[in-house]
Amino acid sequence: MLLLFDIDGTLLRGATAAHRDAVYAALRSVYDLHDPEDPHIDPAGRTDLEIARAILLRAGLEARHIDAGLQEFRAACAEQYARLCPPDLSQYVIRGVPELLAYLAARETVLSLVTGNLEPIARLKLTRAGLGHYFAAGQGGFGSDAEDRTLLPAIARRRAGHDGAPYPRSRTLVIGDTPRDIACARADQVRCFAVATGPVPAGQLTGADAVASDPAQLQELLAGELGA
């Protein structure tokens, strides 16, 4: 099976301060936005570019101005994150996640990512959390691939495919912690297992095919899928 993991709220909890500050610093440097913080925008499950656009639109910038700076913003955001990211993020790994990933890596699964993080940020975040080795380079779908998160599972399946054919939908599963993770799975007609380890309670994740309370319960669900 191809297992497409979200990062924030699913694998890590609370490792967002440097990421948030990198987005704000990039908005200041690229768009000259002096006060980018906007409490009205919920970042959960959004891509970095979607968050940036929402902030800029609320600040009154025109769409064409935003579009013209997006490439520079992506580069600036990744550069700022590399500067701000703590050298060790292991304290933010959700309890049970290392055991879950080790269990899955020992079985016939392809571990990959579907995350709103820009790819350089996602890779560095997981490396410094001690989880990066589970997720191969050249795989996954990231916020740098598309601003619209619903496009990311298809991108990840294409990268995981063989002989020009994407990885089959029937053997693909999105794993995340927000309704937007569920929505992106549904948009690509693949299944989704949700885990209530992020900001959204289990009662609001009912659109998923299954809901786990924690990584241990998620492992039990996945063992059933894998027949192990």
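1. Helix α3 covers residues 63-84 and is not straight: at L70 its axis bends by about 50 degrees. The model is a predicted one, and this bend is a feature of that prediction.

2. Several residues of α3 are buried, among them L70, where the bend lies. What do the buried residues of α3 pack against? Their neighbours are three helices: α1 (17-31), α2 (48-58) and α5 (119-128).

3. Elsewhere there is an open sheet of five strands, paired in parallel, in the order β2-β1-β3-β4-β5. The edges are β2 (110-113) and β5 (210-212); each has a single partner strand, so one side of each is left without a neighbour in the sheet. From one strand to the next, the twist averages 25 degrees.

4. Within the sheet, β3 (residues 172-176) and β4 (residues 191-195) run parallel and are joined by four bridges. In this pair, I175 stands opposite F193 of β4. In general, strands of a sheet pair through backbone hydrogen bonds.

5. Two helices that pack on the sheet deserve a mention. Helix α4 (residues 97-105) touches β1 (2-5) and β2, and its direction makes about 160 degrees with that of β1. Helix α7 (residues 179-187) touches β3 and β4, and its direction makes about 170 degrees with that of β4.

Methods. Residues are numbered from 1 along each chain as its sequence is written. This is a predicted model: local features need pLDDT of at least 70, side-chain atom pairs count only at pLDDT 80 or more; totals for chains, interfaces and linings use all residues. Side-chain values use heavy atoms; hydrogens and water are left out. Two strands pair if DSSP finds at least two bridges between them. Axes are lines fitted to C-alpha atoms, for helices over the stretch in contact, and angles run from 0 to 180 degrees between N-to-C directions. Contact means heavy atoms within 4.5 Å. The bend at a residue is the angle between axes fitted to the seven residues ending there and the seven starting there. Buried means under 20% relative accessible area, exposed over 50%, partly exposed in between (1.4 Å probe, protein chains only).
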